[in-house]
Amino acid sequence: MHARDSRGRRFPEHPHPYRSDYARDRDRIVHARAFRRLEAKTQVFTLRFSDHFRNRLTHTLEVSQIARTVAGALALNTELVEALALVHDIGHPPFGHAGERKLDELMRTHGGHFNHNLHALRIVEQFEHRYIGFNGLNLTFEVREGIVKHSRDYNGAEFPELAEYLLDSRPPLESQLIDWVDEIAYNTADLDDALEANLLDLDSLRQEVPFFGEFYAKVEAEHRGAREKLKFNEALRRVLDTLATDLIENTERSVRDARARTVDDIRGAAERLAGFSDLARTQNTLLKRFLFGHVYNHPLITEESERSVRCLEELFQYYLHQAHTMPAPHEEMAREVPRHVVVCDYIAGMTDQFLLRQHQEHVGSVTAESSSRERRPRVR
C-alpha cells in the first residue's frame, strides 16, 4: 500500500516535505496522550509482581518490532505497518481484557457495547486534541480502516456507523498482518513473564506444547550446563522466529496462489491472505491453550483481576448515578450524549492506578493495589 495511493485524510493537509503520510500518522500516534497512557495499563502481570513485566506499551513496541520485520520481508509498506502496530491497542481500558469484558457487560445493560478497536477509532477521531484545525489526529483512511478491521470483519447492517470503511472488502496486507504478529508477541512474551513470576511449570510446557519441547531439547543438547533460564530464553526465541517465518512464507504463498498483484486484488480476495499455515496455526493454538490453562486462569491472576474489575464496576455505577462527579468537560458532554456512554469513555481512558485512586476516593473501599501488597511479596 503506497502512501501516494491513500484515500487521504478526513481534513486535507499539505504534504510534508520529507515524511510520507503514513510516517506522519505513526508520529502522531506516538505523541498522542492515549499512547502514553498505555505504559500504565496492564498486559497480564502488574508491577506489584515485578518491575520487569510487560505493560500494554512495551507489548505494543514488541508488536511493532515483529510487524516491521514481517512487513519488510514481504516488501510491504513498513511505515503503514508500524503505524497500525503502534495504534492497535490504544483503545484498551484498564485491567486488560478483563476490564474490556466488564465495560462491554455494563454497556450492554444500556443497549450498547464496548470494543477496544472501535474505542480506539473514537480516540483518534474525537478524543485527542492536539491540532487547531480539527479534533482527533486526522489519520489517513488506511490507518483508520486498519484500526477497525485488523482483527475481524464487521457486518454493515450491524455496524452502519462503519460503512465508510469498505466492510465488504478485505483490508490491505499491512493491516491483515497485525493480528497475527500481535499473537506471536503476546504468546511468547506471556510465557516469559509467567516464568519470571514463578507461575510456569517448564516440564508441563515442554509436554503440552511439543514444538517448544523439541526446541528446548535441542538447546539442552547444544548448551549443556547452561542456566535453565537461558535455555528457556533460547527455546522461546526459536518459537518466535518459527512463527514469524511461517507467517512470512505462508502469506507470500497465499498471495501467489490467489494471483493477487495489487492492493485491489487483496481487497477483492474471497478471504484474508495473511496468516499462518495449518501447522503453525496448530502450534500457536497449543501455546494459547497452555497459557489459558496454566497462566491466565491461575488463582493469583484471576483473584487480582476480579478485585480490580470490581473496582471498575463500582466506579462506573458511581459516575453513572451521581451527577457532577466527572471532570467538567465530561459532565458537559453528558448533556448531549447518553451519560452511560460518557462514563464508559472516561473510564476506558484511565490507567490502572488512576482508576484505583478514583475508586478509593469516591467509593472508599480497599483497592486492589493495597490488598495485593498485603497479600504477597514482590518478585524481582
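**Exercise 1. Describe how helix H10 packs on helix H11 in this predicted model.**

Step 1: geometry. H10 (residues 210-222) and H11 (residues 228-257) pack with axes 9 Å apart, at an angle of about 130°. Axes are lines fitted to C-alpha atoms, for helices over the stretch in contact, and angles run from 0 to 180 degrees between N-to-C directions. Helices are DSSP runs (H or I, at least four residues), numbered from the N terminus.

Step 2: class. The angle makes H10 oblique to H11. Under 35 degrees counts as roughly parallel, over 145 as roughly antiparallel, 65 to 115 as roughly perpendicular, and the rest as oblique.

Step 3: hand. The crossing of H10 past H11 is right-handed. Right-handed means that the near helix is turned clockwise from the far one by less than a right angle; anticlockwise gives left-handed.

Step 4: residues. H10 contributes residues including Phe211, Phe212 and Phe215, and H11 residues including Phe232, Leu236 and Val239. Contact means heavy atoms within 4.5 Å. The contact of H10 with H11 has nine nonpolar, one polar and seven charged residues. Ala, Val, Leu, Ile, Met, Phe, Trp, Tyr, Cys and Pro count as nonpolar, Asp, Glu, Lys and Arg as charged, and the others, Gly among them, as polar.

A note on conventions. Residues are numbered from 1 along each chain as its sequence is written. Local features need pLDDT of at least 70, side-chain atom pairs count only at pLDDT 80 or more, totals for chains, interfaces and linings use all residues, and side-chain values use heavy atoms, with hydrogens and water left out.

**Exercise 2. Work out the crossing of H8 and H13.**

Step 1: the axes of H8 (residues 173-196) and H13 (residues 278-296) come within 10 Å and cross at roughly 40°. H8 is therefore oblique to H13.

Step 2: the crossing is left-handed.

Step 3: Trp180, Tyr186 and Leu191 are among the H8 residues that meet H13, where Leu287, Phe290 and Leu291 are among the partners. The contact of H8 with H13 divides into nine nonpolar, two polar and four charged residues.

**Exercise 3. Which charged end sits over the ring of Tyr131?**

Solution: that of Arg28, 5.0 Å from the ring centre. The criterion is NZ of Lys or CZ of Arg within 6 Å of the ring centre and within 35 degrees of the ring normal.

Technical notes:
Helix = DSSP H or I, 4+ residues; strand = E, 2+ residues; numbered from the N terminus.
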